[in-house]
Amino acid sequence: MKPDDFRAWGYRLVDWIAEYLEHVERYPVLPAVQPGDIRAQLPREPPQHPEPFDQIFADFQKYILPGITHWQSPNFFAFFPANNSYPSILGELLAAGLGVQGMLWQTSPACTELETHVLDWLVDLLGLPEKFASRSTGGGVIQDTASSATLCAVLAAREQASRGFSNANGVVPRFTAYASTEAHSSVEKAWRIAGLGSAALRRIPVDDRLALRPEALEAAIRTDRQAGWIPCFVCATVGTTSTLAHDPLRPIGEIARRYGLWLHVDAAMAGTAAIWPEFRYLHDGLELADSYCFNPHKWMGVNLDCDCFFVADRQALIRALSVLPEYLRNPASESGQVIDYRDWQIPLGRRFRALKLWFVLRSFGAEGLRTLVRRHVALARLFTDWLASDPRFELAAPVSLNLVCFRLRADDATNQTFLHRLNASGRLYLTHTRVRERFTLRLCIGNLRTQEHHLRAAWQLLQQTADQLLSSPPRSLQ
Ligand SMILES: *Cc1c(COP(=O)(O)O)cnc(C)c1O
């Protein structure tokens with residue numbers, strides 16, 4: 001591709017993206033494809049000769065686009081959102097254009113310093129404890145995902161609890177970790193990858209609001225200690241994936257302190273809400289945590305991947321993850337005056353992800369982000385009111401932010417059919433969970449483009465589908 005072709009295609013693609021995003025609701029949210037449909041249309045052999053880009057792009061439109069799930073659709077209410085936004089897309093484009101590999105300060109000073117700077121900004125914007133700022137003992141780093149952040153936290157906790165033994169000699173088999181039964185699967189995955197075994201992860205029961213019960217945590221730690229285990233790590237969740245339940249950080253933090261455990265707080269989705277002081281109660285007690293993460297790529301308009309991971313003691317993290325080969329030695333690192341983010345993450349190489357975050361923070365401003373969060377929370381409350389007005393529906397969990405968990409007052413099979421019919425319409429996308437074993441629908445409002453009229457249309461579709469489902473005979477008679 002020649003520079004002029006790049007220019008021409010660059011302009012065309014930007015036009016195409018803007019057109020796509022402005023009219024994304026034209027598409028069915030879920031594509032109507034079966035497994036293997038996409039690959040069956042692609043040539044089996046890789047190309048031997050250069051192909052013109054107009055042919056390549058035509059094939060994208062013909063073969064790939066029909067297989068896309070439209071995450072940016074205002075009618076996407078599934079999982080948690082993965083928002084993009086125009087400034088973030090431009091940040092991704094610019095990072096691709098610069099093609100920087102920011103493993104060390106030396107390998108691109110601005111890549112490192114901008115990252116440190118915007119993560120310090122986030123400490124201020126979200127009212128996070130001062131110790132998470134780089135001007136204090138800690139600091140922040142952008143990870144690809146919350147899963148990686150939690151893994152880094154586990155590795156730092158393991159190294160700290162073993163006083164250096166685990167890096168030098170291998171895994172200490174008697175470490176235990178704690179998280180509620182509602183915690184994300186990434187906690188178990190991290191514990192497994194760290195070589196500590198799923199069986200040593202204790203799932204602590206929750207209360208009637210689906211929050212971890214601190215007294216059950218303390219009892220489990222005491223029982224384990226008496227049996228010769230070494231309790232080492234606890235993960236509290238602010239905004240669980242299933243229902244956005246939040247664990248009480250203060251009592252959990254006090255227990256972690258008392259028994260010498262590393263407390264990691266996973267606020268992947270809900271952390272963004274702290275941009276509003278009125279939601280900071282979710283973070284009450286966070287000053288007792290050793291590490292914290294949230295995902296701007298969920299609810300802050302920053303393209304995936306962007307997880308912000310903060311530690312209270314950066315040395316504890318670096319001790320766990322730093323290995324220095326000769327070919328990476330350089331004067332700046334040896335001066336001790338710079339941050340080398342390769343020591344704060346699993347991989348060596350890293351993209352310039354701070355650009356998109358910087359672009360978003362500046363383009364929206366704190367005010368713009370507050371408006372976004374406020375709007376989504378208000379829409380979730382509106383939807384909750386509609387549900388309450390229709391006796392065929394019930395709420396399945398308390399609604400604290402922008403996620404509503406609900407079901408028809410009917411058995412699991414009926415609710416499953418209900419969800420299937422809704423999604424098959426192509427007009428929206430919802431997913432499900434189980435709340436206390438029962439099949440439950442989740443509606444999460446987190447898309448930049450979702451307006452009240454989209455939600456109203458969704459509610460009408462829910463009501464019509466419920467009409468049809470509840471008036472038709474049970475499935476066994478059909
Ligand atoms: C989404 C989510 C995760 C996983 O996020 P990734 O960034 O995809 O790893 C972890 N924890 C919670 C609470 C989540 O909601």
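**Close-up views of a predicted model**

**View 1. Surroundings of L217.** Leaving aside residues up to four places away in sequence, L217 touches Y178, I204, L212, V234, I252 and I255; contact means heavy atoms within 4.5 Å. A second, separate core of 38 residues includes V172, A179, A190 and I318. The model is predicted: local features need pLDDT of at least 70 and side-chain atom pairs pLDDT 80 or more, whereas totals for chains, interfaces and linings use all residues. Residues are numbered from 1 along each chain as its sequence is written, and side-chain values use heavy atoms, without hydrogens and water.

**View 2. The largest nonpolar core.** A nonpolar core is a set of buried Ala, Val, Leu, Ile, Met, Phe, Trp, Tyr and Cys residues joined through side-chain atoms within 4.5 Å, where buried means under 20% relative accessible area (1.4 Å probe, protein chains only). The largest one has 69 residues, and F132, L217, Y292, F294, F310, L357 and L401 touch the most other members. Helix 14 (residues 354-388) supplies the largest share, 8 residues; helices are DSSP runs of H or I with at least four residues, and strands are runs of E with at least two, numbered from the N terminus.

View 3. The strands follow the order 8-9-11-10 with antiparallel pairing; two strands pair if DSSP finds at least two bridges between them. Strand 8 (393-395) and strand 10 (431-435) are at the edges, each with a single partner strand, so one side of each lacks a neighbour in the sheet.

**View 4. Strands 9 and 11.** Strand 9 (residues 403-408) and strand 11 (residues 438-444) run antiparallel and are joined by 4 bridges. F406 has L441 in strand 11 as its bridge partner.

Key
Buried means under 20% relative accessible area, exposed over 50%, partly exposed in between (1.4 Å probe, protein chains only).
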